[in-house]
Amino acid sequence: MMSETPHPQPLAQPWARVASFCVGALPVYGDLILSPMDGYSDLPFRLICRELGSAMSYTEFVNVDNLQGRHPNRIALMKLAYDPAERPMTFQIYGHDEDRLVETALRLQELQPDIIDLNMGCYVKDIAERGAGSGMLRCPDKIERVFARLSRLLSLPVTGKIRLGWDDRTRNYKTVARIMEDSGASLIAVHGRTKAQAYKGDADWDAIAEVKQAVKIPVLGNGDVRSVADIARIKAHTGCDGVMIGRAAIGNPWIFARKDREQVTVAERVALMRRHLGLNLDFYGPALGLILFRKHAARYIRGLPGEEVLRVPLLTCETVEAFDRLIGAWQEPAGQAILVN
Ligand SMILES: Cc1cc2nc3c(=O)[nH]c(=O)nc-3n(C[C@H](O)[C@H](O)[C@H](O)COP(=O)(O)O)c2cc1C
């Protein structure tokens, strides 16, 4: 199950000697963490982000229904593949059936993650309206039961990622956070929006600050951190122990090294694209690896000079050699990025 992908570079923040926070007894060295993102936070991208400074790993969310029986879904299993260098490694699961959540979490321990996380934030209709993801927020009793069972039965810390509530009228984040803590959760990640908001409006960092005040376990603040300056802002605003970064890391994983896009040279960008693509090819094989890299490539090249010329050829080319030739066209004389050819 585990990947053998090599990772020649040292991982996250070797200078950080003091843990930023602990998940149960597990120290986490660093305060920036790549968000779980379905379709993005796979093993290759997580390794890239860990090398740049993301302090722990979360898998994409995995539906427990796809992990049943003797032959679980192959794609679900790939989402749970990890490299030991990613530790602390968190498996994020979701589901609506309490027994199934608990039984699956128990079995997943065999794969030796460090932490099991319950997704209580997904707003997708089919998931939320069945009572999974953010649908859990409508049933605090269920959250209490599931966390109490998980924390009693698992020998790993159990954590959860929430939104602020179902909608504006039911913003029950403080109640939910306290219930989680009282039922044995070891950390709460809070995306500062309700389910009904999806991605509309601004993330409410005041609410994240309220969660931080309401519990003693570590709180990760999440939502709309787009720049290095935002990292300091959300920390000052909320007092959160760590900052979870999602969309802004796509195309700019350097945010975990506290570098904004403009601070990354074209040469660094091209070198990292090559490395990320290499990891993708190792993990998914040549054909799928290249196809799945396209969405990342589109974001890596965003805003670069010549993007409009290279975008279509880059995102439609069918061989790794052609891809490599195209990105090699970016050069940077005297610190000034230009496109040649
Ligand atoms: C493409 C995409 C996929 C996501 N998948 C997940 C997921 O699997 N599990 C989860 O807890 N949140 C998921 N999220 C939500 C993010 O983890 C994060 O909470 C949200 O994007 C807000 O943070 P941001 O403003 O830094 O992007 C996803 C978000 C995006 C954009």
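In this predicted model, helix H5 (residues 140-153) packs against helix H6 (residues 173-182) at an angle of about 20 degrees, and their axes lie 9 Å apart. Helices here are DSSP runs of H or I with at least four residues, numbered from the N terminus; axes are lines fitted to C-alpha atoms over the stretch in contact, and angles run from 0 to 180 degrees between N-to-C directions. H5 and H6 are therefore roughly parallel to each other, a label for angles under 35 degrees. On the H5 side, the contact is made by Pro140, Ile143, Glu144 and Phe147, and on the H6 side by Thr175, Val176, Ile179 and Met180; residues are in contact if their C-beta atoms, placed from the backbone, lie within 7 Å. These residues divide into 6 nonpolar, 1 polar and 1 charged.

Turning to the ligand, 21 residues surround it, the closest being Ser35, Pro36, Phe61, Gly246 and Arg247; such a residue has its C-beta atom, placed from the backbone, within 6 Å of the ligand. The shell holds 7 nonpolar, 9 polar and 5 charged residues.

How far can the model be trusted? The chain averages a pLDDT (the predictor's confidence in each residue, from 0 to 100) of 93, and 92% of the residues score at least 70. Over residues 1-6 pLDDT stays under 50, as it does over residues 333-341. Where pLDDT is low, the predicted coordinates should not be read in detail.

Residues are numbered from 1 along each chain as its sequence is written. As the model is predicted, local features need pLDDT of at least 70 and side-chain atom pairs count only at pLDDT 80 or more, while totals for chains, interfaces and linings use all residues.

Definitions and conventions:
Two residues are in contact if their C-beta atoms, placed from the backbone, lie within 7 Å. Helices (H or I, at least four residues) and strands (E, at least two) are DSSP runs, numbered from the N terminus. Angles under 35 degrees count as roughly parallel, over 145 as roughly antiparallel, 65 to 115 as roughly perpendicular and the rest as oblique. Ala, Val, Leu, Ile, Met, Phe, Trp, Tyr, Cys and Pro count as nonpolar, Asp, Glu, Lys and Arg as charged, and the others, Gly among them, as polar.
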